[in-house]
Amino acid sequence: MSIAQPGDQTRSRREITTDRIEQFADITGDDNPLHLDPEYAATGLFDGRISHGMLAAGVISSALAKLPGDIIYLSQDLSFEQPVYPGETVTATANVVEALGDNQFRVETIARTDDGVVVDGEATVLALARDEAAD
C-alpha cells in the first residue's frame, strides 16, 4: 500500500448546519452564545450565529484522512480568516507539498465556503502504510 507523497491532494466537503453546531458544542463543551444563542449572536460582531472555528477546521482533518495510508496528525497551524454561518458548506483541501523524512510530510491546508477562505494553515502528518489485513 502506498503512502502520501508530495503532489497528493484531497478534498472533503461538509455542510455546517445548526444541528452540527449544537452537536459540536455538546461534544466539546464549547457553549459560547455566539454559536448557540441566535438572539445574543444577532447583536454581536457577526450579525448572527456562527460555527465554531474548529468545526470548520475539522473538515480539514477529514481531507487529511483521505490521503493514502494511515495519516497521523503531528501538528497543525491554523488561521481563522472569516466566520462560517449555518447553512454554508465548507470545502477543505489538503495538498502534500514536502517530504520531511521518516514518512513525515508538510501539508498545506485550506477551507473555503462560497464567500472565500475561512481557515488557512499547514499541517505536519505522519503517513504509514495501511495494514491491509486489518481492512
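Leaving aside neighbours within four places in sequence, which residues is Thr 113 in contact with?

**Before you start**

You have a predicted model on screen, in which local features need pLDDT of at least 70 and side-chain atom pairs count only at pLDDT 80 or more, while totals for chains, interfaces and linings use all residues. Residues are numbered from 1 along each chain as its sequence is written, and side-chain values use heavy atoms, with hydrogens and water left out.

**The whole protein**

Select everything and switch to a cartoon. The protein has four helices and five strands, and from the N terminus on they run β-α-α-α-α-β-β-β-β. Helices (H or I, at least four residues) and strands (E, at least two) are DSSP runs, numbered from the N terminus. Taken along the principal axes, the C-alpha atoms fill a box of roughly 50 × 30 × 20 Å.

The accessible surface comes to about 7400 Å², and 46% of it belongs to carbon and sulfur atoms. These areas come from the Shrake-Rupley method with a 1.4 Å probe; for residues, only the protein chains shown count as cover. Of the 135 residues, 33% count as buried. Buried means under 20% relative accessible area, exposed over 50%, and partly exposed in between (1.4 Å probe, protein chains only).

Colour by charge next. The mean positions of the 9 positive and 24 negative charges are 7 Å apart. Lys and Arg count as positive and Asp and Glu as negative, whereas His and the chain ends are not counted; the place of a charge is NZ of Lys, CZ of Arg, CG of Asp or CD of Glu.

Two strands pair here if DSSP finds at least two bridges between them.

- Strand 1 and strand 3 pair in the antiparallel sense over seven bridges. Pick Gln 9, and you will find its bridge partner in strand 3, Asn 95.
- Asn 95 also stands opposite Glu 108 in strand 4.
- Strand 3 (residues 89-101) and strand 4 (residues 104-113) are antiparallel too, with nine bridges. Val 96 stands opposite Val 107 in strand 4, and Gly 101 has Gln 104 of strand 4 as its bridge partner.
- Zoom in on the turn of this pair: strand 3 and strand 4 form a hairpin with two residues between them, and Asp 102 in the turn has a positive phi of about 55°.
- Strand 4 and strand 5 run antiparallel, joined by ten bridges. Two residues link them in a hairpin, and Arg 112 stands opposite Val 117 in strand 5.

Contact means heavy atoms within 4.5 Å. Among contacts in the protein with a separation of 6 or more, 67% are between residues 24 or more positions apart.

Go to Thr 113 in strand 4. At 9% relative accessibility, Thr 113 counts as buried. Here is the reply to the opening question: beyond its neighbours within four places in sequence, Thr 113 is in contact with Val 84, Glu 88, Thr 89, Val 90 and Val 118.

Next, select Val 125 in strand 5. Val 125 is buried, with a relative accessible area of 1%. Not counting residues up to four places away in sequence, Val 125 touches several residues, including Leu 64, Ile 71, Tyr 73, Phe 105 and Val 107. Draw a C-alpha to C-alpha distance from Val 125 to Ala 63: they are 62 residues apart in sequence and 12 Å apart in space.

Finish at Pro 33, in helix 2 (residues 33-36). Is Pro 33 buried or partly exposed? Its relative accessible area of 31% makes Pro 33 partly exposed. Leaving aside neighbours within four places in sequence, Pro 33 is in contact with Tyr 40 and Ala 41.
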